[in-house]
Amino acid sequence: MKFSKIYICCIATLVGLASCLSENPYAANSNNNGNLRLEVEIVQPEATTRAASDIDTRTFPVTIVDNSGKVVKEYSAQSEVPTLVPMEVGKYTVSAHQPGELLQKMDHPYYKGSKDIEILKGVTSDVDVLCKMANSCITINYSDDFFEAFDSWTVTVNDGSETALSFSSQDGVKSQSVYWLFKDNASLLTVNFSGTTKDGNKISATNFLAKSQATEKYDDGNECFTGGDAVTINVSPVESTEGYLESINITASVVFTETNENIDVDVWEGTPGETPGGNEGGDNTGGDDNPSTDDAITLTLPAPISYAIMGADDVDQSLGDTYLAAAKGLKSIKVSIESTSDDMISSLSDLYEQYGVDFITGAEIVGNQDVVLLFEELDQPLSVPAVGDKDYTFPIGNFFSLLQVLVGEHTFHLTVTDMDGVQKSGDVIITITMP
């Protein structure tokens with residue numbers, strides 16, 4: 001009995017001591033330290049299709065960096081973070097994110113967040129890191145009569161970044177959702193359509209939608225698409241008065257993170273390949289920050305183009321037309337091609353050896369008859385401008401048949417120089433996907 005009383009007394013003493021240490025573990029020493037107690041939570045927009053209960057924040061990696069950006073603590077999962085983390089006095093940033101890398105295109109939402117904190121001597125700081133959705137859900141819906149009318153099609157959604165989001169008939173569904181990471185300051189989306197009806201008619205269309213054109217305003221007044229916004233694009237066919245299909249109609253709505261209300265967004269039409277310069281919706285280009293006409297050079301770039309392997313015959317070649325003009329006359333047009341496909345690089349090397357046209361380091365187009373000969377051999381004839389010509393349309397669509405078996409992302413870098421030496425550059429991206 002005496003032993004039992006002593007044991008209970010010791011346990012009570014230890015519990016009391018532990019309690020004191022939890023409140024102020026460094027009060028009894030002079031170390032310049034404090035404690036951090038961490039929680040990680042997610043803030044989920046109602047627009048997402050994945051329930052918050054499916055996401056386990058205990059698996060989120062956690063990183064703590066100091067003011068200089070040096071990593072001072074790192075854990076592969078929140079579950080590995082101690083209940084109390086000893087920290088030196090100072091200011092830090094605590095970050096947490098969903099396991100894995102945030103990619104531009106994903107099949108699920110991705111959550112991340114961070115919080116700035118200050119650790120005080122002898123104090124336990126409670127930190128709650130709120131992780132918000134970094135990417136956005138983009139959904140495309142095809143009407144029943146659209147599905148009945150078209151044999152094949154490609155729809156690309158471009159926010160002005162180097163890569164466009166592509167949907168096509170190869171997906172084989174009437175509705176599809178993809179999680180997309182919008183570029184910074186993405187205020188305008190360009191929707192390009194290219195399709196072939198079951199009667200063999202080819203139809204192309206370009207439409208634009210901007211967050212600023214929402215029929216109702218949103219709470220924070222931000223005119224750029226951000227993580228957590230959900231965009232729905234609806235596609236349907238348009239018949240002429242004679243009863244044949246002449247175009248397509250696009251409507252759109254957005255569920256903004258701030259409101260969680262489904263709000264219609266006005267959509268306006270353009271011409272295929274158009275880049276909307278001074279439109280109030282904003283600027284959207286294939287690569288150049290400002291490709292509209294200036295005092296010296298005009299460089300009008302097509303939006304990024306995407307189609308499935310062996311699908312070049314279903315894509316309108318004019319979608320690749322790149323218009324170049326110089327008020328003082330064209331002196332040089334250099335075109336180089338960068339590709340994620342090793343086979344493409346090998347093919348370009350072969351073209352250089354056989355025809356002397358080097359698209360790897362940069363091929364001159366102005367006055368280059370080797371380029372004319374090359375494309376004649378490819379059964380894709382073109383002409384080239386002479387030095388001093390005022391304008392020229394470079395038909396990147398002539399490459400479609402060459403690229404159609406080369407899966408990957410192919411970037412065409414164009415640099416235009418006028419007779420005064422003024423230069424302007426831009427990129428056009430063609431992506432070939434597997435079915």
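Me: Where is Ser114 placed?

Reply: Ser114 is in strand S7, residues 111-119. Strands are DSSP runs of E of at least two residues and helices are runs of H or I of at least four, numbered from the N terminus. This is a predicted model, where local features need pLDDT of at least 70 and side-chain atom pairs count only at pLDDT 80 or more, while totals for chains, interfaces and linings use all residues. Residues are numbered from 1 along each chain as its sequence is written, and side-chain values use heavy atoms, with hydrogens and water left out.

Me: What is Ser114 in contact with, leaving aside neighbours within four places in sequence?

Reply: Thr93, Val94, Ser95, Val129 and Leu130. Contact means heavy atoms within 4.5 Å. Val94 is 20 residues away along the chain, and its C-alpha atom is 5.4 Å from that of Ser114.

Me: Switching to Asn135. Buried or exposed?

Reply: Asn135 is buried, with a relative accessible area of 0%. Buried is under 20%, exposed is over 50%, and partly exposed is in between (1.4 Å probe, protein chains only). Asn135 belongs to the loop between strand S8 (124-133) and strand S9 (136-142).

Me: And what does the side chain of Asn135 reach?

Reply: The backbone nitrogen of Tyr110, at 3.1 Å. Beyond four places in sequence, the contacts of Asn135 include His108, Pro109, Trp180 and Gly227.

Me: Now helix H4. Which residues are buried there?

Reply: In H4 (residues 369-377), they are Val371, Val372, Leu374 and Phe375. They fall within an arc of 165° seen down the axis, so they line one face of the helix. The arc is taken from the directions from the helix axis to the C-beta atoms.

Me: Why would residues three or four places apart point the same way?

Reply: Because an α-helix has 3.6 residues a turn.

Me: What covers the buried residues of H4?

Reply: Helix H3 (342-355) and strand S22 (363-364) are among the elements that do. Exposed Gln369 and Glu377 are on the face turned away from the buried side.

Me: What caps the N-terminal end of H4?

Reply: Asn368, with a side-chain oxygen 2.9 Å from the backbone nitrogen of Asp370. Just after H4, Asp379 takes a positive phi of about 60°.

Me: Last one. How many residues are in the largest nonpolar core?

Reply: It has 42, and those with the most contacts inside it include Tyr307, Phe412 and Ile430. A nonpolar core is a set of buried Ala, Val, Leu, Ile, Met, Phe, Trp, Tyr and Cys residues joined through side-chain atoms within 4.5 Å. A second, separate core of 34 residues includes Ala186, Phe193, Leu245 and Ile248.

Note on methods. A polar contact is a pair of N or O atoms within 3.5 Å; within protein, one must be able to donate a hydrogen and the other to accept it, and residues adjacent in sequence count only if both atoms are side-chain atoms.
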